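Please read this briefing with the structure open beside it. It goes through the chain as a whole and then through selected side-chain contacts.

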Amino acid sequence: MFLSRFDGQSKLLVRSLLSGASGAHRAVNVFHKQQRANPGVSLSNLMETLCRDEIACPETDGRPLTVKPLVCLFPALFKQNLLSFIHLVYSVLPRTTVLRVLECLRQDPHPSSWVTALVRQLERNLRAHNEEPLYTPLCSHRLRELSQRFVGFSETGGWTRCFTSQTVQSESQSASRLSDLGTQRKRKGSFVILDSDGEETGQQSKRIKMDVCGGECVDAEEQRNEEISAGLEDDAAAEAPAKELQPTLCDALPEHIKVSVLQIKELLESQTEWDQSSMDVFKVLNDCDPTQMEALCSILCLPDLPEQTLPKLCSSVLSLSPDLGYSTAATIIKSLLLQKVLSLSEPASRCLVTTMTSFCSRYTRPMCYTLIRPVLEGKNIGNSQAELLNRLIEGCLDSHYRLLVLQMTFKIAWSEAVLSIIHSLLDSKPDLNEEMFTQFTEQLVSQSPQFTKSVKFAKMMLTVLTKYSSHVTAVHKHSLSGCLMLNETFLKKSLQAALKRITHT
């Protein structure tokens with residue numbers, strides 16, 4: 001909206017104030033973090049920018065343009081959060097600065113009741129001699145109507161009777177229930193008539209409840225307390241390592257990286273668009289060594305980042321110049337993407353696919369070693385993972401890296417999902433040398449007994465015999481012939497015919 005008017009630190013505060021009903025407290029937390037990172041930080045730039053004049057477009061056609069303070073153009077909830085934030089931190093703000101913001105807010109032609117009340121309260125706190133009531137005229141009218149409904153209750157005890165009339169009835173009902181319980185326990189309860197203050201009745205009622213219910217409730221209450229205490233101890237034991245880890249990770253980072261981590265974290269949690277100044281904060285990634293990079297990824301909780309945030313983060317990382325080093329890129333890819341890919345149980349989302357293809361196009365080698373290889377080696381690789389890797393193979397990997405991925409399949413146990421990946425690699429016709437083709441043939445022969453009824457395996461064999469016939473030697477042909485004898489699919493005859501057509505040695 002108007003975020004481009006603010007500097008980096010002020011922008012984080014504005015985003016917090018726009019974040020909903022808890023915006024004021026979020027902004028206070030952000031400001032305190034900024035103070036810890038930079039003790040000399042000031043709110044002056046934020047307040048000055050909010051007070052600058054801005055051209056406001058009319059809500060309806062035909063009206064002229066107007067000039068208003070920028071703060072008046074924000075929604076009412078932002079103004080309410082801003083005033084609550086100022087109330088919480090006004091001790092660090094110059095009095096003239098706060099009064100100037102309040103004066104700007106008074107120029108709003110349609111202020112909300114909450115904003116009006118908060119403005120007046122702040123003026124009282126600053127001793128600006130504002131004697132106006134905090135409530136609006138409409139609120140005053142409603143209070144007057146409410147008070148008129150209680151005419152006749154102005155004498156002593158009147159309001160008490162108004163609010164305790166229902167209490168007397170409920171007390172009498174509860175007393176009858178308690179009397180029954182008391183009879184069962186051979187206890188007698190005495191009741192007194194309610195006087196004007198109602199104090200004796202309240203105390204007597206408490207004594208009755210304690211006497212009658214005490215014996216029954218104590219055991220159950222103690223049991224509940226024991227269960228709650230046990231649960232709290234378990235939770236505390238589970239959370240203790242995380243709480244101990246966070247300060248350790250932060251301590252390992254230099255001050256300028258700590259500041260950048262704070263800014264990145266606020267960006268990742270915000271729901272607004274990122275501009276160029278927001279993306280510049282990611283330049284700190286080039287300053288991190290491998291240990292610092294792992295700490296940064298852990299603090300930012302990258303594995304838990306929502307997928308809709310991935311494209312923005314990817315765009316910011318890819319815009320960096322110079323490119324990230326291998327270890328830095330590998331750490332980011334592993335932390336950000338690996339767990340998301342391994343946990344797929346359905347086709348990958350558009351955001352995840354876009355992010356992975358973008359990273360793979362720029363940082364191909366780190367993607368191969370830190371994402372593709374662990375996925376291939378995973379025990380639970382399924383069709384969703386295979387489909388995603390096939391898209392990367394077809395769209396991002398050149399011949400060299402396709403050969404690299406094919407070699408990775410020589411060291412793992414094959415599954416139906418892995419077969420589809422190998423088939424995709426072979427269809428792309430990578431430049432196999434004699435040694436690599438021999439290794440692949442040996443793998444085919446060794447893995448074939450578990451795929452005698454697999455159509456995918458048979459189709460892959462057919463691709464080998466048709467597209468790579470020039471690589472087949474007499475030794476290969478003999479090994480493959482024995483492999484085809486085990487095949488039980490409808491493609492068996494086609495496979496044997498394709499092998500028979502290979503006559504050169």
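A residue counts as buried under 20% relative accessible area, as exposed over 50%, and as partly exposed in between. Arg26, at 29% relative accessibility, therefore counts as partly exposed. The model described here is predicted. The protein chain has 505 residues, and 41% of them count as buried.

**Overall build**

- The protein chain contains 23 helices and two strands.
- Its accessible surface is about 28700 Å², and carbon and sulfur atoms account for 52% of that area.
- Taking contacts between residues at least 6 apart in sequence, 71% join residues at least 24 apart.

**Salt bridges**

- The count of salt bridges comes to six.
- One of them joins the side chains of Arg26 and Glu269, with 3.5 Å from N to O. Arg26 belongs to helix α2 (residues 23-37) and Glu269 to helix α10 (residues 255-269), so this pair links distant parts of the chain, 243 residues apart.
- Glu269 has a relative accessibility of 37% and so counts as partly exposed.
- Another salt bridge is formed by Asp108 and Lys79, whose closest N and O atoms are 2.4 Å apart. Asp108 sits in the loop between α5 (95-105) and α6 (113-125), while Lys79 is in helix α4 (residues 76-89); the two are 29 residues apart, and the pair links distant parts of the chain.
- Both Asp108 and Lys79 are buried.
- Arg362 and Asp323 also form a salt bridge, with 3.0 Å between the closest N and O atoms. Here helix α15 (residues 350-362) supplies Arg362, and the loop between α13 (310-318) and α14 (326-342) supplies Asp323, 39 residues apart.
- Arg362 counts as partly exposed because its relative accessibility is 36%. Asp323 is partly exposed too, with a relative accessible area of 42%.

**Aromatic rings**

- The whole structure holds seven aromatic pairs.
- In one of these pairs, Trp414 and Phe440 are tilted, with 6.3 Å from centre to centre and 40° between the planes. Trp414 lies in the loop between α18 (399-409) and α19 (416-427) and Phe440 in helix α20 (residues 434-447), so the pair ties together parts that are 26 residues apart in sequence.
- Both partners are buried: Trp414 has 4% relative accessibility, and Phe440 has 0%.
- Phe6, Phe74 and Phe78 are linked into a cluster by ring pairs.
- Arg365 lies over the face of Tyr326, at 4.6 Å from the ring centre.

**Around Gln443**

- Gln443 is a residue of helix α20, the helix that also holds Phe440.
- With 12% relative accessibility, Gln443 counts as buried.
- Leaving aside residues up to four places away in sequence, Gln443 touches Thr409, Phe410, Ile412 and Trp414.

**Nonpolar surface**

- Ile55, Leu65 and Val67 make a nonpolar surface patch of about 330 Å².
- Ile55 lies in strand β1 (residues 53-56). Its relative accessible area is 58%, so Ile55 is exposed.

Note on methods:
Residues are numbered from 1 along each chain as its sequence is written. This is a predicted model: local features need pLDDT of at least 70, side-chain atom pairs count only at pLDDT 80 or more; totals for chains, interfaces and linings use all residues. Side-chain values use heavy atoms; hydrogens and water are left out. Patches are made of residues with over 30% relative accessible area and no salt bridge: like charges are joined within 9 Å, nonpolar side chains (Val, Leu, Ile, Met, Phe, Trp, Tyr) within 5 Å. Accessible areas come from the Shrake-Rupley method with a 1.4 Å probe; for residues, only the protein chains shown count as cover. A salt bridge is a side-chain nitrogen of Lys or Arg within 4 Å of a carboxyl oxygen of Asp or Glu. Helices (H or I, at least four residues) and strands (E, at least two) are DSSP runs, numbered from the N terminus. Buried means under 20% relative accessible area, exposed over 50%, partly exposed in between (1.4 Å probe, protein chains only). Contact means heavy atoms within 4.5 Å. Rings of Phe, Tyr and Trp (its six-membered ring) pair if their centres lie within 6.5 Å; planes under 30 degrees apart count as stacked, over 60 as edge-to-face and the rest as tilted. A charge sits over a ring if NZ of Lys or CZ of Arg is within 6 Å of the ring centre and within 35 degrees of the ring normal.
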